[in-house]
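Hello,

Here is the structure I promised to pass on to you. Have a look at it first, and then read on for what turned up.

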Amino acid sequence: MSKKKKFSKIFDKFFEKIYRFCYLKTDSQETAKDLAQEVFLKYWEKIEEVENPQSFLYKVARDLVYDFYRKSKSRQILPLEEALISDCQNLEEKIIRDLEFERIKKAILLLKPEYQDVLIMHYVEGISLKEIAKILGKKEGTLRVLLFRALKALKEKLSQKNFSV
Amino acid sequence: MEEREIVKKLKSLKKIKPEKEFAFSLKKEILGENFFYHQEKIRFFYFLTFSFVLIFSFFFLLNFETKKFSKTEKNFEILSQSLEEIKNASSDQQKAKEKILNFKKISQSITPEDVEKISKDKLRDFVEKQMKARKVLASINSKYLQEIQNPASCLLVEKLIKEIEQNTLTEKQKLYFEGAKEMLKEGNCVDALTNIWYLNYIR
């Protein structure tokens with residue numbers, strides 16, 4: 001299979017997933033676009049060395065999201081109140097969106113990055129724990145515990161009385 | 001909130017999707033000009049192939065039909081020519097015999113489809129020539145008359161009868177026409193043709 005054909009196939013299969021991963025981790029469409037673009041540019045450069053494209057793409061995406069928060073201090077994990085204020089600026093959009101959908105999205109953003117990763121990868125994208133273990137470089141047993149804790153943390157966030165979008 | 005409910009909500013996040021245009025343009029950008037070129041090249045190739053097949057089929061069919069039609073026209077020309085030769089060979093019985101055999105040979109290659117294709121003018125011309133030839137043959141030897149009766153003549157008579165049925169005839173013409181139909185039924189195509197020919201001269 002030629003390099004272009006291989007890239008095209010992987011792009012079609014994973015672009016949406018990687019974009020969604022970046023979007024859920026940054027809550028910005030523009031940032032998600034930039035990061036997803038960067039991920040696939042890196043994949044294009046290393047395509048011949050990459051054995052597991054899924055693992056490679058998520059690893060790069062995670063690193064880029066980390067870099068993004070590191071470089072832009074203002075985008076570091078927002079306190080809940082700040083997140084709420086910033087979103088109030090676009091009232092029209094907020095009305096159109098599903099409130100519950102927004103709630104869960106916001107709640108994820110308030111979790112630890114590693115909790116976000118396992119929740120998004122496992123529950124949103126349906127990646128098996130075995131595969132996530134490869135991506136995150138952790139043992140499957142450790143991931144099971146991490147997933148349990150992540151879900152518990154999310155539940156706590158959503159149960160907070162003052163948590164609303 | 002139950003865990004099951006949270007998981008359901010998490011799964012609902014799957015509806016977050018990038019804009020299709022963005023994904024397409026990014027892919028194009030990464031793959032460079034060649035991506036677009038490649039797509040266009042494939043499209044152009046299919047277009048070219050399709051056009052070629054279409055044009056080829058069109059010309060093939062046209063050529064085939066023209067050739068087929070030309071062959072029919074040519075056979076009728078030869079047949080008419082042969083009748084003309086029979087008429088001109090009235091002084092030479094042997095020659096007339098040869099021409100009759102030649103006429104029979106050519107007329108055997110005429111099919112019902114050929115008769116259907118032939119124009120009215122050609123048909124009229126053929127009938128006239130056949131009548132003239134018939135007169136000549138009758139003066140030489142009446143037994144030759146049956147020789148110019150052939151499947152092609154019978155098919156021509158059938159076609160002529162179908163065409164004449166569409167026309168309005170005088171009482172006298174009707175008599176001749178009915179006679180021609182009877183003769184055709186009896187298998188006497190040459191006489192049927194004679195009656196049809198007479199229709200032109202009676203009112």
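**What was found**

To begin with confidence: chain A has an average pLDDT of 83, and 81% of its residues score at least 70. Residues 75–89 of chain A are another matter, with a pLDDT below 50; beyond near neighbours in sequence, this stretch has eleven contacts in the model. Please keep in mind throughout that this is a predicted model.

**The two chains**

Chain A contains nine helices and zero strands, and chain B likewise has nine helices and zero strands. Read along the sequence, the pattern of chain A is α-α-α-α-α-α-α-α-α. Of the 165 residues in chain A, 34% are buried; for the 203 residues of chain B, the figure is 24%. Taking contacts between residues at least 6 apart in sequence, 64% of those in chain A join residues at least 24 apart, and in chain B 67% do.

**Where the chains meet**

On chain A, 28 residues are in contact with 20 residues of chain B. Helix 1, helix 2, helix 6 (99–109), helix 7 and helix 9 (140–159) of chain A are the elements that give two or more residues to this side of chain A. Helix 1 of chain A provides the largest share, ten residues. By type, the residues on the side of chain A that touches chain B comprise 18 nonpolar, three polar and seven charged.

**The cores**

In soluble globular proteins, nonpolar side chains tend to be buried together. Which residues have the most contacts inside the largest nonpolar core? They are A:Ile18, A:Cys22, A:Val39 and A:Ala61, in a core of 47 residues. Helix 1 of chain A gives the largest share of this core, ten residues. The core lies between domain 1 (1–74) and domain 2 (84–165) of chain A, because both domains give residues to it. Leaving aside neighbours within four places in sequence, A:Ala61 is in contact with A:Ile18, A:Phe21, A:Cys22, A:Leu35 and A:Val39. There is also a second, separate core of 28 residues, which includes B:Phe76, B:Ile110, B:Leu156 and B:Leu184.

**Helix 3 of chain A**

Helix 3 of chain A covers residues 53–71.

**One residue to look at**

Where does A:Asp27 sit? Its place is in the loop between helix 1 and helix 2 of chain A. Most residues other than glycine have a negative phi. The phi of A:Asp27, however, is near 55°, a positive value in a residue other than glycine.

Key: Residues numbered from 1 in each chain as written. Chains lettered and ligands numbered in written order. Predicted model: local features only at pLDDT ≥ 70, side-chain atom pairs only at ≥ 80, totals over all residues. Helix = DSSP H or I, 4+ residues; strand = E, 2+ residues; numbered from the N terminus. Expected span 1.5 Å × (residues − 1). Contact = placed C-beta atoms within 7 Å. Nonpolar A, V, L, I, M, F, W, Y, C, P; charged D, E, K, R; others polar. Buried ≥ 20, exposed ≤ 12 C-beta atoms within 10 Å, placed from the backbone. Core = buried A, V, L, I, M, F, W, Y, C linked by C-beta atoms within 7 Å. Domains from an automatic or database assignment. pLDDT = per-residue confidence, 0-100.
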